[in-house]
Amino acid sequence: MSDEPKVDPTPPAETVPASRLAEVVAERNAARRELADAVTRGAKAVEWEAAATQHATELAAERAARSEERDLYRAGLLDEEAHVVARALYAAHPTEGKPTTLGEYLTGLRAEGATVPRALAGYLGEPGKPAPAPPVVQPRAPAGGGKAAPNGVTVTAEALVAAREHYRRTGDTSQMKSLADARKAQA
């Protein structure tokens, strides 16, 4: 006999079968992929949360600006210069007894017996009195009393607008010329 050791054809009991090893490796690789996906989703969630926080901050600032602008218009300050003056006066107001918002400050100025700063007096008018209504402009009667011209065309604002639109669409000036002739005839 030879000195060579005998080789046992059966594998030792500690060895894992190849199919089970392949299954465990596949599970491990799947778990690694899931972990990588979760990390990616987590990073995206952090980005989205930061973007949402930034948008919420921007929205709050925009709402505050719109609220302040609305308060200025409600107080009757329609001019941009009046807005600047009102904001400057509110900022310069002493801290003690200062209204919490510009709207409260302006409402206090509009109250009966309130002292209105000279810089705003021209913009606010007298407190408690409504602003004067704008003058009503009566429309003028067309020349010739709105009668039809000898060519049968009546010159009205609507006819002028229609003729202008016709010209813009087609380039045809005949309607405008007939209205001009009618206008001359009425004068």
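Reader: What makes helix 1 and helix 2 roughly perpendicular to each other?
Author: Helix 1 (residues 18–74) and helix 2 (residues 80–92) pack at an angle of about 110°, and their axes are 11 Å apart. Angles of 65 to 115 degrees count as roughly perpendicular (under 35 is roughly parallel, over 145 roughly antiparallel, the rest oblique), so this pair is roughly perpendicular. The axes are lines fitted to C-alpha atoms, for helices over the stretch in contact, with angles running from 0 to 180 degrees between N-to-C directions. Bear in mind that this is a predicted model, where local features need pLDDT of at least 70 and side-chain atom pairs count only at pLDDT 80 or more, while totals for chains, interfaces and linings use all residues. Residues are numbered from 1 along each chain as its sequence is written, and side-chain values use heavy atoms, leaving out hydrogens and water.

Reader: Which residues of helix 1 and helix 2 meet?
Author: Glu68, Leu72 and Tyr73 of helix 1 meet His83, Ala86 and Arg87 of helix 2; contact here means heavy atoms within 4.5 Å. By class, that gives 3 nonpolar, 1 polar and 2 charged residues. For the classes, Ala, Val, Leu, Ile, Met, Phe, Trp, Tyr, Cys and Pro count as nonpolar, Asp, Glu, Lys and Arg as charged, and the others, Gly among them, as polar.

Reader: And what makes helix 2 roughly perpendicular to helix 3?
Author: Helix 2 and helix 3 (residues 102–110) pack at about 100°, with axes 10 Å apart. That angle makes the pair roughly perpendicular. Ala86, Arg87, Leu89 and Tyr90 of helix 2 touch Leu102, Tyr105 and Leu106 of helix 3. This contact has 6 nonpolar residues, no polar ones and 1 charged.

Reader: How do you know that the span of helix 6 agrees with its number of residues?
Author: The rule is 1.5 Å times one less than the number of residues. The 13 residues of helix 6 (residues 174–186) should therefore span 18 Å, and the end C-alpha atoms are 18 Å apart, which agrees.

Reader: Which residues of helix 6 are called buried?
Author: Leu179, Ala182 and Gln186 are. Buried means under 20% relative accessible area, exposed over 50%, and partly exposed in between (1.4 Å probe, protein chains only).

Reader: Why are these residues put on the same side of helix 6?
Author: Because they cover an arc of only 60° around the axis, taken from the directions from the helix axis to the C-beta atoms. The buried residues of helix 6 pack against helix 5 (157–170), and the face turned away from the buried side carries the exposed Lys177 and Lys184.

Notes
Helices (H or I, at least four residues) and strands (E, at least two) are DSSP runs, numbered from the N terminus.
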